[in-house]
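Here are some notes for your next look at this protein. Please keep the structure open beside them.

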Amino acid sequence: VTVAEKATADLAKGLSADLMKEMEFSQDTVAKLKKEFRPSAVKNAECKRTLAKISKKMREVKEREVRRASAIEKDKAQREAFAKFDSCGGGQLSRDDLRNFAKEQYSFQMEDGPVDRLHAKLRGKGVGVPFERFRRMRQWVAVERSTERHRQRLAQEAKLKAEVAATKTEMRALFEEADKALSEAAAEAAAADAAAKPLRAAARLAAADLRGHVAKAEELHAPGLAKLDKAKELADIAGKAVGEIGGSDPEVVSFRKQLVEDFNKRSKQVQSQLDRCSSVAKMAKQRVQRKEFAEMDVVRFQLVKAAGVHMAAKGLDMQQLYADIAKGAELGVDGFLAFAAELWEHLGDKVEESTTQSHRDLFRLTVGDEAALSQDRFLQILQVSYKVVKPTMITEGSAVDSKSRGRLNEGEILHGLDCPRKEENSGVVRTRCRSAKDDTEGWVSVAGNKGTVFLEPCHKYLACLKETVVTAELLVSSETVRKLNKDELVEVLQFPTKEPTCDVMRVKAKAVADGVVGWISIAGNAGTSFLGPC
């Protein structure tokens, strides 16, 4: 391709329509020029294709020569490496040569077994490994190193696994004593819970049956709680010891955490069972006390009624009655029981063992920690407060037709000053009392001769119906001694008295639970009841 032809082709290629238009060529001229330059353009395209083929061939030759040179270089490097490890220079690598190669090239210290095995495979019938198998030897050594590393990794994992298992066993052993104590506590808690089960139906049980079940539940609850406390103490010791072993391995840390959490979970379950048993026993105990106190009030009212008959027969008042039975000394339990038996016999009733026990319980509840019944406490038994349940009159004398001192309305409280006695002429049971409303003293019919009830005795033992407070003095604004919780029981020490600032009735009472003494409102001025019968 000549320079002139290439220039002509470039010129033909450059003859665009715009250029021809600028040069003001005619259509015929343009067609003629294109026809003249077309052969040159075709020839130019063929030359370009030929040049492209030649360039491709040259690149292939160059790449082949580069690869060949690289192969030669690699072969040279391999031979140099082979020669480096060929300690005897005989063109064959011995076992020691193979061992040195693995150590230097792969930082792999081969044992005799793998060295002998590889060397035997690679040397064939010769005495050593020839250069032709040097490359394969390199590959096999690399594989052997990977295999050995994998074997070591498995061995290390097995070792770690065994260490973790041993650590877990050690941790379990540390918790073994605590687990044993917790299992014993769980057994005691289950037994206590079973013993407390009948108490959930306490309303249908008699006081004596309730008392037996409560005693059994409390008997089992105490050792269960003691063993649970011991288990927790042992678990704390074990937890500290466990925290010092096993290091920071994630599996050990997780197991340690799970071990403690499992113990705490079981401990809470046992604690919950014991708490439930304690709560049920406590509620049942309160119910027992309420039933016992209600029964004691019945016994007391019977005793007061019998004492009234006895006093009327002998012409004695309450102080004289005490002097008559105490014989100049304070009244002990035996003297009180003998007095009660005499009253029952006077009424023509047989004294049963249960009745004697009821009188013994009444004596115990009245004297508290004291050994004998003083005159004041004896009067507390016989002096009963009454509630007016049907409007009636209060009179000056014991006779029904004596002069009236006023009218008593339903709901009023009266303080008994003597035991009820039957009025001789009318046969009506009457008692001398004082009104809590205005301190009017006189005689009031307890019941009519046809059975109409005018007065009902107030209970000596009351239950808290709604949480309230115990104050130091009669005034509601006086210092608060403590709160009185719902279902707590109190013993009335002084007759209901009207609080002067707000006209509510209050009693001086002693809390059965802790012996705290103070004043408590029976009901609020809005009608809310705080105290009621057991």
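The points below cover confidence, pockets and helix packing.

1. Confidence. This is a predicted model. The mean pLDDT of the protein is 86. A score of at least 70 is reached by 95% of the residues. Which elements mark the lowest and the highest mean pLDDT? The lowest is helix H1, residues 3-14, with a mean of 50. The highest is strand E12, residues 468-471, with a mean of 96.

2. The largest pocket. Its volume is about 920 Å³. The lining counts 38 residues. Closest to the centre of this pocket are Lys-387, Ile-413, Cys-458, Pro-496 and Ile-522. Start there if you want to find the site on screen.

3. What builds that lining. E14 provides the largest share, six residues. By residue type, the lining of the largest pocket splits into 19 nonpolar, ten polar and nine charged.

4. The second largest pocket. Here the volume is about 430 Å³. Its lining is made of 18 residues. Nearest the centre lie Phe-301, Lys-305, Pro-420, Val-429 and Val-446.

5. What builds the second lining. Helix H8 (250-314), strand E7 (421-422), strand E9 (441-447) and E10 each contribute at least two residues. Which element gives the most? H8 does, with seven residues. The lining of the second largest pocket holds 13 nonpolar, two polar and three charged residues.

6. H6 against H8. Helix H6 covers residues 134-196. The axes of H6 and H8 come within 9 Å and cross at roughly 10 degrees. Angles under 35 degrees count as roughly parallel, so H6 is roughly parallel to H8. Their contact comprises 20 nonpolar, four polar and eight charged residues. H8 is also the element that gives the most to the lining of the second largest pocket.

7. H4 against H6. Helix H4 spans residues 95-106. Its axis and that of H6 come within 11 Å, crossing at roughly 70 degrees. The two helices are therefore roughly perpendicular to each other. The crossing of H4 and H6 is right-handed.

8. H9 against H12. Helix H9 runs over residues 318-326. H9 and H12 pack with their axes 10 Å apart, at an angle of about 120 degrees. Why is this pair called oblique? The range for roughly perpendicular is 65 to 115 degrees, and roughly antiparallel needs over 145. An angle of about 120 degrees therefore makes H9 oblique to H12. The H9 and H12 crossing is right-handed.

Key. Residues numbered from 1 in each chain as written. Predicted model: local features only at pLDDT ≥ 70, side-chain atom pairs only at ≥ 80, totals over all residues. Heavy atoms only, no water. pLDDT = per-residue confidence, 0-100. Helix = DSSP H or I, 4+ residues; strand = E, 2+ residues; numbered from the N terminus. 1 Å grid on protein atoms, 1.4 Å probe; cavity = no way out; pocket = protein on both sides within 12 Å on 5 of 7 lines; lining within 4 Å. Points joined across faces, edges and corners; volume = space filled by probe spheres on them. Nonpolar A, V, L, I, M, F, W, Y, C, P; charged D, E, K, R; others polar. Axes fitted to C-alpha atoms, helices over the stretch in contact; angles between N-to-C directions. Left-handed = near helix turned anticlockwise from the far one by under 90°.
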